[in-house]
Amino acid sequence: MSDSFRSPRRYCRITLALVVSAGALAPAAPGAVHRLSDGQSFSTIELVYSKPALTPDGERVVYCQNAETAGAFALWSVRLPGGAPVRLSGALAGGGLACWFRISPDGSQVVYMANQDAPATYELYSVPVDGSALAVKLNPALVGNGNVSSLFEISPDSATVIYRADQVADDRFDLWTVPIGGGAAVK
């Protein structure tokens with residue numbers, strides 16, 4: 001992906017915040033504002049590729065931010081109405097991007113696409129939404145120049161991930177399924 005694809009001008013500079021009204025998500029003073037994100041002075045929440053998303057139970061929010069390394073947008077989760085953010089994606093170098101994600105319908109897992117293992121290769125990972133375990137790579141080794149597409153979905157029962165990738169032949173994208181916790185991918 002070219003550098004223009006990640007142009008800094010396209011990133012919105014905001015602080016992820018939640019306004020909690022009386023009795024909405026947790027006991028708080030009416031109109032209280034809680035800062036949810038954290039990070040270095042250069043930090044921004046990425047909004048070009050994804051928007052922050054709530055888990056189905058409304059207890060956590062998942063978002064993409066360059067909180068630790070300039071230009072490395074990792075995936076984060078934080079409990080509502082506030083708490084310490086937890087990094088979900090693996091360590092990313094500058095230029096790393098883990099911003100395409102889906103939360104499983106049961107709210108337990110986040111599936112995301114990132115270039116966390118190799119700068120030019122985007123692969124698919126699954127991780128518990130609370131960060132209680134390390135991310136698991138879902139796709140097998142890819143063919144040279146192969147990538148997973150950002151168009152992937154999680155089954156309604158939260159058991160399977162359906163994704164598109166050119167993992168067998170370069171530029172031939174096939175449809176695959178894999179268990180959300182990892183395992184053999186089936187074409």
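Okay, let's start with Tyr 122, which counts as buried at 2% relative accessibility. Buried here means under 20% relative accessible area, exposed means over 50%, and partly exposed is in between, with a 1.4 Å probe and protein chains only.

Quick housekeeping. This is a predicted model, where local features need pLDDT of at least 70 and side-chain atom pairs count only at pLDDT 80 or more, while totals for chains, interfaces and linings use all residues. Residues are numbered from 1 along each chain as its sequence is written, and side-chain values use heavy atoms, with hydrogens and water left out.

So what does Tyr 122 pair with? Rings of Phe, Tyr and Trp (its six-membered ring) pair if their centres lie within 6.5 Å; planes under 30 degrees apart are stacked, over 60 edge-to-face, and the rest tilted. That rule gives two aromatic pairs. In one of them, the rings of Trp 100 and Tyr 122 have centres 5.8 Å apart and planes at 85°, so this pair is edge-to-face. Trp 100 sits in strand β7 and Tyr 122 in strand β9, 22 residues apart. Strands, by the way, are DSSP runs of E, at least two residues, and helices are runs of H or I, at least four, numbered from the N terminus. Trp 100 is buried too, with a relative accessible area of 9%.

Then there's Tyr 112 with Tyr 125, a stacked pair at 5.2 Å centre to centre and 20° between the planes. Tyr 112 is in β8 and Tyr 125 in β9, so the pair ties together parts 13 residues apart in sequence. Tyr 112 comes out at 0% relative accessible area, buried, and Tyr 125 at 1%, also buried.

Now the strands themselves. Two strands pair if DSSP finds at least two bridges between them. β8 and β9 are antiparallel over seven bridges, and a hairpin joins them through two residues. β7 and β8 also run antiparallel, with four bridges, and Trp 100 stands opposite Met 113 in β8. Eight of the ten residues of β8 are buried, so that strand is largely enclosed by the rest of the structure.

Last stop: how many disulfides does the structure hold? One, counting cysteine sulfur atoms within 2.5 Å. Cys 64 is joined to Cys 99, S to S 1.8 Å. Cys 64 is in strand β4 and Cys 99 in the loop between β6 and β7, 35 residues apart. Both are buried: Cys 64 at 1% and Cys 99 at 0%.
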